[in-house]
Amino acid sequence: MTGVRDDDPAGRAEDVAPDDAAVPEDDRIPDDGSDDAAVPEDDRLPEDGSDDDERPDSRARPWWQGRASDLLVVVLCALLGVALVAQVRHTQEDPLAALRQDDLVRLLDDLDRRNIDLVEEQDRLQEELDGLRSAADSSQAAADAAAELAGTQGVLAGTVPAAGPGVEITVTDPGDAMRGQTMVTMIQELRNAGAEAIEIGGVRLTATSYVIRSTGGLVVDGTTISSPYVLRAIGDPQTMQVALEIPGGALSTVRGRGATVSLIEQAHVEIRSVAEPRDLEHSRVVED
């Protein structure tokens, strides 16, 4: 039904809805345009177009029902991890357990050969060690012998101090009657009696030493000495004493010229004076 509102200045027409009271309630059409009365309630489709049988159950489940599967997965993972760790430990503790019999036999053969090689290597090294020790002992013995020889030659050459049993002779010549030749004869008798080192007035005698007479005394290797003349000789004291006291020897000659001679045997005679080694002018060492 169409009417015109009095207050519409434009005179626009407006649809006026029919009065619901004029239509019976059972014959009314739903506002959404569907006829709900024509379809039984049980046969109606859901508004979203799905079947009631396919709807998820909206009822709340217990708290443990959703976690049981997760807990089972965690337990299985833990058991698997424990089994893997146990397997790894077993493999590490016994690495041979995973080898086959053929591999074990081959491994034993390799170990036997290696053991034989090590024994041979040990024997070889032991021989080398024995050789080195022998060489070291020989070298040490040679060094000791060389040092002893050098000491002996040094004493005989007068280049090192010396000490040992011997005699001390003091010649007092107030009348200055001592001659160089008489002193040389005395030195020669001491050497013939086995004297190894001789000193006169603080001058060390060597194979090239000389003694000459000078005003007021004697000259020994360029050094002037005067009475009393003190001689020290290292050797067998008794042998040297007997050699010097031979009738007609050097001491008897000295006494015959008016000098006084004192000879004392001593258990320890010390000679500290040394002679400077001379440079060789003509002699050379013979090489082997």
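Figure 1. Arg 124 and Glu 121 both belong to helix H2 (residues 101-157), where they are 3 residues apart, about one turn of the helix. Their side chains meet in a salt bridge, with a distance of 2.4 Å from N to O. The structure, which is a predicted model, holds 8 salt bridges. The pair of Arg 124 and Glu 121 is one of them.

**Figure 2. The open sheet of strands E6, E7 and E8.** These 3 strands form an open sheet in the order E6-E7-E8, and the pairing is antiparallel. E6 and E8 stand at the edges and have a single partner strand each, so one side of each is left without a neighbour in the sheet. On average, and with direction ignored, neighbouring strands of this sheet are turned by 30 degrees against each other. Helix H3 packs on the sheet and touches E6 and E7. The direction of H3 makes about 150 degrees with that of E6.

Figure 3. Strand E6 covers residues 211-214 and strand E7 covers residues 217-220; the two pair in the antiparallel sense over 4 bridges. Several residue pairs may be followed along this pairing. Val 211 stands opposite Val 220 in E7. Arg 213 has Leu 218 of E7 as its bridge partner, and Ser 214 has Gly 217 of E7. The hairpin has 2 residues between the strands, and in this hairpin Gly 216 takes a positive phi near 85 degrees. In a regular strand, side chains alternate between the two faces of the sheet.

Figure 4. E7 is joined to strand E8 (residues 223-225) by 3 bridges, and the two strands run antiparallel. Leu 218 has Ile 225 of E8 as its bridge partner. Leu 218 is also the bridge partner, in E7, of Arg 213. Between E7 and E8 there are 2 residues, and the two strands form a hairpin. Asp 221, in the turn, has a positive phi of about 50 degrees.

**Figure 5. The loop between strands E8 and E9.** Pro 228 lies in the loop that links E8 and E9. The peptide bond from Ser 227 to Pro 228 is cis, and its omega is near 0 degrees.

**Figure 6. The open sheet of five strands.** This open sheet has 5 strands in the order E5-E4-E9-E3-E10, with antiparallel pairing. Strand E5 (203-204) and strand E10 (260-271) stand at the edges; each has a single partner strand, so one side of each is left without a neighbour in the sheet. Within the sheet, strand E4 (residues 197-200) and strand E9 (residues 229-234) run antiparallel and are joined by 4 bridges. Ile 200 has Leu 231 of E9 as its bridge partner.

**Figure 7. The loop between strand E3 and helix H3.** Asp 176 is found in the loop between strand E3 (162-172) and H3. The phi of Asp 176 is near 55 degrees, which is a positive value in a residue other than glycine.

**Figure 8. The crossing of helices H3 and H4.** The axes of helix H3 (residues 180-192) and helix H4 (residues 237-244) come within 9 Å and cross at roughly 140 degrees. Angles over 145 degrees would count as roughly antiparallel; H3 and H4 are therefore oblique to each other. Their crossing is right-handed. H3 contributes Met 186, Glu 189 and Leu 190 to the contact, and H4 contributes Met 240, Ala 243 and Leu 244. By class, the contact of H3 with H4 has 5 nonpolar residues, no polar residues and 1 charged residue.

Conventions:
Residues are numbered from 1 along each chain as its sequence is written. This is a predicted model: local features need pLDDT of at least 70, side-chain atom pairs count only at pLDDT 80 or more; totals for chains, interfaces and linings use all residues. Side-chain values use heavy atoms; hydrogens and water are left out. Two strands pair if DSSP finds at least two bridges between them. Axes are lines fitted to C-alpha atoms, for helices over the stretch in contact, and angles run from 0 to 180 degrees between N-to-C directions. Angles under 35 degrees count as roughly parallel, over 145 as roughly antiparallel, 65 to 115 as roughly perpendicular and the rest as oblique. A crossing is left-handed if the near helix is turned anticlockwise from the far one by less than a right angle, and right-handed if clockwise. Contact means heavy atoms within 4.5 Å. Ala, Val, Leu, Ile, Met, Phe, Trp, Tyr, Cys and Pro count as nonpolar, Asp, Glu, Lys and Arg as charged, and the others, Gly among them, as polar. A salt bridge is a side-chain nitrogen of Lys or Arg within 4 Å of a carboxyl oxygen of Asp or Glu.
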